[in-house]
Amino acid sequence: MVTQCKQYHVWLLPVVFTLILLFPRSARTADVLERPLEKITIAYSSISANMATLWITHERGFFRKYGLDVQLVFIESGSTTVESLNSKDVAFAQMAGAGVLQSRLRGSDVVMIAGFLNTMDYQLMVDKRITRPDQLKGKTMAVSRFGSSSDFATRYALDKFGLVPDKDVTILEIGSQPARFAALEAGRIQAAMVAVPLTLKAKALGFHTLADLQMLGLEYQHTSLATTQALIKSRPDLVANVMKAYAEGIYYYKTHRTESLAVLAKYLKTNDREVLTEVYEHLGLALTPQKPYPTLRGIEIMLRELAVRDPKAKGARPEEFVNQTFIKELDSSGFIDRLYKAQPVVASRKEPPSVPAAPKEKPVPANPKTKRAVAEARSISIPSPGDGAREYTVQAGDTLGHVALTYYGDHLKWGKIYEANKQTMKNPNFLYIGQRIMIPS
């Protein structure tokens with residue numbers, strides 16, 4: 001009997017010991033699962049597709065995945081949005097970079113931690129009789145007001161085309177984009193910067209795109225995610241979770257077309273499939289970066305623009321307006337790369353200026369049918385094959401790298417095309433739609 005009792009205790013002790021270890025662990029697990037989500041508020045400053053990264057991250061549950069119960073608040077004015085950050089009414093704000101720069105120059109501790117649109121989404125729409133930049137000489141263009149983003153974009157494009165504003169081309173202040181579009185339609189002006197998706201209506205009326213701002217190499221911090229240095233210092237864990245959610249939201253945006261179009265339809269309040277598709281492909285696939293670094297070069301350009309009116313901007317450095325700690329951590333840890341490794345992004349012909357060159361691909365065999373198949377996949381037209389050089393007409397979103405990949409199977413051979421066109425091409429980065437270039441054999 002004593003022996004049986006001893007055997008019983010020998011068997012029971014490990015069981016009890018195991019239960020003691022298990023129950024506290026189960027309690028801790030349940031506590032984690034049942035822990036309430038942290039409530040935070042994120043503001044956005046416009047009802048435009050520039051805000052799609054926030055809407056999709058919120059609607060598809062990525063904030064909740066990282067323990068956040070996010071309330072979205074629309075604050076129409078950029079200056080009011082940045083004030084809400086300073087007053088701690090909101091924790092984060094998706095807004096134009098210009099508002100952050102101006103606020104920080106006044107002494108606030110607001111900084112950008114991500115960049116979602118690192119160029120302007122304008123296209124230069126012109127009268128159908130204008131097919132080359134030099135034909136803008138003597139014509140009239142419109143901007144909303146002098147010093148505005150449309151004014152900056154217009155003067156930037158004219159400079160790249162070798163034209164002098166107010167000398168070669170007259171610039172008028174007309175007002176909002178609908179007002180500029182109405183003036184273009186009425187024939188009062190011959191060119192204006194128009195943003196997607198109004199570009200569709202312009203094309204339907206016979207106007208065409210002479211240049212896309214991204215084709216002219218413009219980097220500009222159009223849309224960013226901002227917060228305060230105080231919040232970064234006190235709650236780095238919160239900022240890290242917000243950035244993880246955004247990274248997954250961007251991945252979802254680029255790889256789930258149907259679901260993303262549905263979110264765009266909800267917030268833009270339209271079911272026009274053509275408009276939604278134009279927005280998705282131009283902004284979502286082409287211009288939204290997989291790794292949302294703020295553009296330091298774009299911020300430098302903006303500071304030069306601000307320096308004309310604000311002396312404080314003259315000595316400022318772009319690094320003073322950003323905190324890249326969290327995006328660098330996501331990048332260096334492989335967090336973002338692992339997302340796209342599972343499912344590649346839907347192919348797009350357009351790339352933002354700041355996107356690094358794609359890795360070298362296997363050369364395409366010198367077979368006209370193969371080359372044509374590659375080109376058709378990118379929806380560009382191929383000149384008739386023949387001996388020696390051939391002519392190609394630049395399409396929206398083209399770069400010399402794209403063309404070199406199509407004809408030579410290697411985007412690094414763009415220099416060969418540039419050398420053949422030096423007499424007519426001022427800069428390999430500045431192409432205009434409809435430009436005719438020669439492709440050496």
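The following legends describe close-up views of a predicted model.

**View A. An open sheet of five strands.** The strands follow one another in the order β7-β6-β8-β5-β9, and their pairing is mixed. At the edges lie β7 (170-173) and β9 (208-212), each of which pairs on one side only. Direction ignored, neighbouring strands of this sheet are turned by 35° against each other on average.

**View B. The pairing of β5 with β9.** Strand β5, made up of residues 122-126, pairs with β9 in the antiparallel sense, and four bridges join the two. Within this pairing, leucine 124 stands opposite alanine 211 of β9.

**View C. Helix α7 across the sheet strands.** Helix α7, formed by residues 177-186, lies across β5, β6 (140-143) and β8 (191-195), and its course makes an angle of about 140° with β8.

**View D. The largest cavity.** Two cavities of 30 Å³ or more are counted in the model, and the largest holds about 60 Å³ of space. Its lining consists of Ala49, Asn50, Ala52, Thr53, Phe116, Leu117, Tyr253, Leu283 and Thr288, with α2 (52-59) and β4 (110-117) as the elements that give two or more residues. By class, this lining has six nonpolar and three polar residues, and no charged ones.

**View E. The second largest cavity.** This cavity, with a volume of about 40 Å³, is lined by Ala240, Met243, Lys244, Phe326, Glu329 and Leu330. Helices α10 (236-255) and α14 (325-332) each supply at least two residues of the lining, which divides into four nonpolar and two charged residues, with no polar ones.

How values were computed: Residues numbered from 1 in each chain as written. Predicted model: local features only at pLDDT ≥ 70, side-chain atom pairs only at ≥ 80, totals over all residues. Heavy atoms only, no water. Pairing = 2+ DSSP bridges. Axes fitted to C-alpha atoms, helices over the stretch in contact; angles between N-to-C directions. Contact = heavy atoms within 4.5 Å. 1 Å grid on protein atoms, 1.4 Å probe; cavity = no way out; pocket = protein on both sides within 12 Å on 5 of 7 lines; lining within 4 Å. Points joined across faces, edges and corners; volume = space filled by probe spheres on them. Nonpolar A, V, L, I, M, F, W, Y, C, P; charged D, E, K, R; others polar.
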